Amino acid sequence: MGSSFHASCVVSIMLLLMVSAMQSNAQLTANFYDKSCPAAISTIRKTVRTAIAKERRMAASLIRLHFHDCFVQGCDGSVLLDDAPSITSEKNAFQNAGSVRGFEVVDSIKAAVEKACPGVVSCADILAVASRDASEYVNGPTWTVKLGRRDSITASKDLAEADLPIAFNDLDAQISSFAKQGLSVRDMVALSGAHTIGQAQCATFRGRIYNDTNIDAGFARTRKRACPVSDGNTKLAPLDLVTPNSFDNNYYKNLIQKKGLLHSDQVLFNGGSTDAIVTSYSKDKATFYSDFASAMVKMGDISPLTGSSGQIRKICSVVN
């Protein structure tokens, strides 16, 4: 009696542990909202397209939002939370402060989706879909977005400052930053190609144009005109001087010509281990697009909250 009771207890505990593990590792699926909110994907796409039609730069901003979300606590919408009594917003992290943007577009998407199906679609999933739609709209790659993420009830400014890449990083630091998230060197080089669109503030590239030696002299002169030595920190310059508003592989061609705007860009082609990948992408846009799409899917899989974890926020900037 005693031994059989003990055995049944052990089996029960093992089953509970298995169920718990399955819940915590619940798989994201492309058709997650097919029944619960069939209008979700088209609603997100429509709002994203409207926003980018008004301001082309928004495409880069939406891709960056998803990236900066996933690198901190996983893809859980934590980057969207404002300061609150128990929350120090990730928006205040130095990698985000005054530069991460697109929150009003996310709010518009959320309002439209809530109108269609209240309390169903997470802010974390909105970021994932919006980044795909943004890329597609500016002639970039597209991919199947896996869905089913839930929203965090916490954020971490400290973790953001520790885990988000920095514009001044050398190659080893870049590789380590991505490896910490389970992303390979090739993923890192591909994802860096998002800098084919968007703009950067003078403060992030001043050191590059005034101090780096692996830089085209004419390119440096051009950039110095809008970025003086000690002023104009927030003045903007396109990350890709050639086709700043189109998603293509010119970013890699620029690196080969020593025309990377950020130090962390140019280190990808500077006699190191990633030179061959940069050269490959500069010659073969299809390979870059394929690798970028795969890396975005992989990044979207970073530590999502699923099942009964987290919540579905009603407003993306505040916990319910």
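1. **Before you start.** This is a predicted model, in which local features need pLDDT of at least 70 and side-chain atom pairs count only at pLDDT 80 or more, while totals for chains, interfaces and linings use all residues. Residues are numbered from 1 along each chain as its sequence is written, and side-chain values use heavy atoms, with hydrogens and water left out.

2. **Two helices that cross.** Helices (H or I, at least four residues) and strands (E, at least two) are DSSP runs, numbered from the N terminus. Look for α2 (residues 40–54) and α4 (residues 103–116): their axes come within 9 Å and cross at roughly 145°. Axes are lines fitted to C-alpha atoms, for helices over the stretch in contact, and the angles run from 0 to 180 degrees between N-to-C directions. The α2 and α4 crossing is right-handed. A crossing gets that name if the near helix is turned clockwise from the far one by less than a right angle, and left-handed if anticlockwise.

3. Sorted by class, the α2 and α4 contact has eight nonpolar, three polar and no charged residues. For this sorting, Ala, Val, Leu, Ile, Met, Phe, Trp, Tyr, Cys and Pro are nonpolar, Asp, Glu, Lys and Arg are charged, and the others, Gly among them, are polar.

4. **An annotated site.** In an unreviewed entry, UniProt lists Thr196, Asp240, Thr243 and Asp248 under "binding site". These residues span 53 residues in sequence, yet no two of their C-alpha atoms are more than 9.8 Å apart, so they gather at one spot. Keep in mind that UniProt positions are given in the numbering used here, feature names are shortened, and annotations may be inferred rather than shown by experiment.

5. **Two aspartates of that site.** Asp240 sits in the loop between β2 (236–238) and α11 (250–256), and Asp248 is also in the loop between β2 and α11. Are they buried or exposed? Asp240 is buried, with a relative accessible area of 0%, and Asp248 is buried at 10%. Buried means under 20% relative accessible area, exposed over 50%, and partly exposed in between (1.4 Å probe, protein chains only). Leaving aside neighbours within four places in sequence, Asp240 is in contact with His195, Thr196, Asp248, Asn250, Tyr251 and Asn254. On the same terms, the contacts of Asp248 are Thr196, Asp240, Thr243, Lys285, Phe288 and Tyr289.

6. **Salt bridges.** Side chains of opposite charge can pair when their charged atoms come close. How many salt bridges does the structure hold? There are 13 of them, each defined as a side-chain nitrogen of Lys or Arg within 4 Å of a carboxyl oxygen of Asp or Glu. In one, the closest N and O atoms of Asp82 and Lys91 are 2.5 Å apart; Asp82 is partly exposed at 32%, whereas Lys91 is buried at 18%. Arg45, Arg132, Asp133 and Glu136 are linked in a network of salt bridges.

7. Glu161 and Lys157 meet in a salt bridge at 3.5 Å, N to O. Being four residues apart in helix α6 (residues 157–163), Glu161 and Lys157 are separated by about one helical turn. Arg186 and Asp291 also form a salt bridge, at 2.7 Å, N to O. This pair links distant parts of the chain, with Arg186 in helix α8 (residues 185–192) and Asp291 in helix α14 (residues 285–300), 105 residues apart. Arg186 is partly exposed at 36% relative accessibility, while Asp291 is buried at 18%.

8. **Backbone details to check.** Most residues other than glycine have a negative phi, and most peptide bonds are trans. Asn139 has a positive phi of about 70° although it is not a glycine, and its place is in the loop between α5 (123–137) and α6. Ser303, in the segment after α14, has a positive phi near 40° and is likewise a residue other than glycine.

Definitions and conventions: Contact means heavy atoms within 4.5 Å.
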